[in-house]
Amino acid sequence: MKYEGKTWTYGDNIDTDVIIPARYLNSFDPKELASHCMVDIDESFAKEVKAGDIMVGGWNFGCGSSREHAPIAIKASGVPVIIAASFARIFYRNAINVGLPVLEIGNDVKKIRKGDILSVDISTGTIADKTTGDTFKAPPLPDFIQGIASAGGLIAYVKEHAQ
């Protein structure tokens, strides 16, 4: 799976309550959640994000609560992949469960600026910054995780592969 889009960059320790503030958790509607995504640290995100844009975070992205609302809000915003230095483990798992691929590139994330255009190949882990010419390498997602993402999430994947 390959993606290309403009980046939205955020720093270290972006927690799930920043991604989707708790006051908006009275809804399970993905589009409603997306309309409030990142509002407390970036009021422009929910209003200006375009389908295909790529989110980039620092270390420990998605720390905080175990709710799946955060990756659901990001995915419903049209973001097809998140790149970060590292992810909180529960966020990583929840992102995969909802069909949102995530790639870790360590300190190389600091070389990506807001607005850069990235080309991302999750099958190889190759990330090309078309704005700067830099190329980064993340561990590629295993085939079964790519299958979950391609199916749209774990539930859809299980239904697709049920006997």
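The largest nonpolar core has 50 residues, and Phe61, Ile74, Ile82 and Phe91 touch the most other members. Such a core is a set of buried Ala, Val, Leu, Ile, Met, Phe, Trp, Tyr and Cys residues joined through side-chain atoms within 4.5 Å. Buried means under 20% relative accessible area (1.4 Å probe, protein chains only). Helix H5 (residues 89-97) gives this core its largest share, four residues. Helices are DSSP runs of H or I with at least four residues, strands are E runs of at least two, and both are numbered from the N terminus.

This is a predicted model: local features need pLDDT of at least 70, side-chain atom pairs count only at pLDDT 80 or more, and totals for chains, interfaces and linings use all residues. Residues are numbered from 1 along each chain as its sequence is written, and side-chain values use heavy atoms, without hydrogens and water.

Take Ile82. Leaving aside residues up to four places away in sequence, Ile82 touches Met55, Phe61, Ile74, Phe87, Phe91, Leu100, Pro101, Val102 and Leu103. Contact here means heavy atoms within 4.5 Å.

Six of the eight residues of H4 (residues 69-76) are buried, so the helix is largely enclosed by the rest of the structure. Just after H4, Gly78 takes a positive phi of about 105°.
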